[in-house]
Amino acid sequence: MKMDTRVFPDLDALSRAALEELLRIMQEAVRERGRFAIALAGGRTPASLYALWADAKNHGAPTPWDRVHLFWSDERYVGHDDPRSNYGIARKALVARVPIPQANVHPMPTGAAQPTEAAQAYEAELRKFFGAAPPAFDLQLLGLGIEGHTASLFPGSPALEEQRRWVAAVEAPAEPPQRLTLTPVVLNQGRNTFFLVAGREKREIVAALRRESESQPSPYPAARIRPAGRVLWFLDEAAGGC
Ligand code: 6PG
């Protein structure tokens with residue numbers, strides 16, 4: 001599989017490079033469309049990028065937080081104060097540390113009794129913000145699981161075949177099992193997509209993705225996300241060094 005990869009010595013260097021590219025895309029989006037809509041990734045890897053972004057006020061052009069809208073590419077179906085919450089991780093590293101208007105922060109809701117209701121509610125929020133066509137995020141951040149999942153799209157998940165819904169409630173073979181995830185209907189619209197991948201445990205799946213042929217459907221969800229726009233892979237040496 002063709003991958004536009006950039007390999008860095010460690011997670012800090014990876015995160016700094018990804019932030020620099022994020023800020024460039026942000027400036028361009030604000031200039032051209034008056035706002036920057038980003039879908040944040042969950043998991044541990046992006047937390048250092050979020051913290052650097054919160055600190056970025058110390059250098060470079062300041063972020064126009066009133067023009068920035070934060071969404072999430074997936075969420076574990078737990079309370080936002082639960083340490084496993086993707087929103088909770090980003091709130092601690094970024095949201096609570098910057099002057100972003102509360103109305104610009106769009107966490108996936110996890111309070112409904114049925115996750116399917118929450119998925120429908122998030123889709124309604126996306127439609128309210130983007131309009132009726134599947135949304136094209138200016139930037140979507142994604143991670144990679146060791147078996148090739150991305151967002152909360154796991155191998156063999158019916159959500160991978162979704163053609164209509166923008167947000168799906170899924171049962172994941174991971175803890176916690178109940179999750180919400182953007183579907184390929186949305187993720188394949190992204191103007192820019194960054195995969196952020198670090199750590200020795202990701203080496204095998206990165207090598208497997210590199211070996212994937214372009215001619216047949218891949219078992220790996222990360223290889224099934226083919227956004228219309230640019231896709232960049234930010235890897236540390238441990239995960240992606242040849
Ligand atoms: C999640 C994520 C998921 C994550 C990968 C990598 O909710 O778990 O969105 O797709 O990006 O599992 O996670 P790490 O960055 O923690 O390795």
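This is a predicted model: local features need pLDDT of at least 70, side-chain atom pairs count only at pLDDT 80 or more; totals for chains, interfaces and linings use all residues.
**Stop 1: the ligand**

Select the ligand and its surroundings. T45, D74, R76, A151 and K202 come nearest among the 14 residues around it. Take three of these one at a time.

- Show T45. One of its polar side-chain atoms sits 2.6 Å from a ligand oxygen atom.
- Move to A151. Here the backbone supplies the atom: an N or O lies 2.6 Å from an oxygen atom of the ligand.
- Then pick K202. A polar atom of its side chain is 2.7 Å from an oxygen atom of the ligand.

The ligand taken alone exposes 410 Å². The protein buries 93% of that area.

**Stop 2: the open sheet**

Select β4, β6 and β7. These 3 strands make an open sheet, ordered β4-β7-β6, with antiparallel pairing. Look at the edges. β4 (74-76) and β6 (167-171) each have a single partner strand, so one side of each lacks a neighbour in the sheet. D74 and R76, among the residues that come nearest to the ligand, fall within the 74-76 span of β4. Ignoring direction, neighbouring strands here are turned by 20° against each other on average.

**Stop 3: the β6-β7 hairpin**

Zoom in on β6 and β7. They form a hairpin, with 6 residues between the two strands. How many bridges join β6 to β7? There are 5, and the strands run antiparallel, with β7 covering residues 178-182.

- E171 is opposite Q178 of β7.
- V167 has L182 of β7 as its bridge partner.

**Stop 4: the helix on the sheet**

**Stop 5: two packed helices**

Finally, select residues 47-55 for α2 and residues 86-93 for α3. At what angle do these helices pack? The angle is about 35°, and the axes are 8 Å apart. The crossing of α2 past α3 is right-handed. Show side chains to see who makes the contact. From α2 come A47, Y50, A51 and A54. From α3 come I89, A90 and A93.

Terms used. Residues are numbered from 1 along each chain as its sequence is written. Side-chain values use heavy atoms; hydrogens and water are left out. Two strands pair if DSSP finds at least two bridges between them. Helices (H or I, at least four residues) and strands (E, at least two) are DSSP runs, numbered from the N terminus. Axes are lines fitted to C-alpha atoms, for helices over the stretch in contact, and angles run from 0 to 180 degrees between N-to-C directions. A residue is near a molecule or strand if one of its heavy atoms lies within 4 Å of it. A polar contact is a pair of N or O atoms within 3.5 Å; within protein, one must be able to donate a hydrogen and the other to accept it, and residues adjacent in sequence count only if both atoms are side-chain atoms. Accessible areas come from the Shrake-Rupley method with a 1.4 Å probe; for residues, only the protein chains shown count as cover. A crossing is left-handed if the near helix is turned anticlockwise from the far one by less than a right angle, and right-handed if clockwise. Contact means heavy atoms within 4.5 Å.
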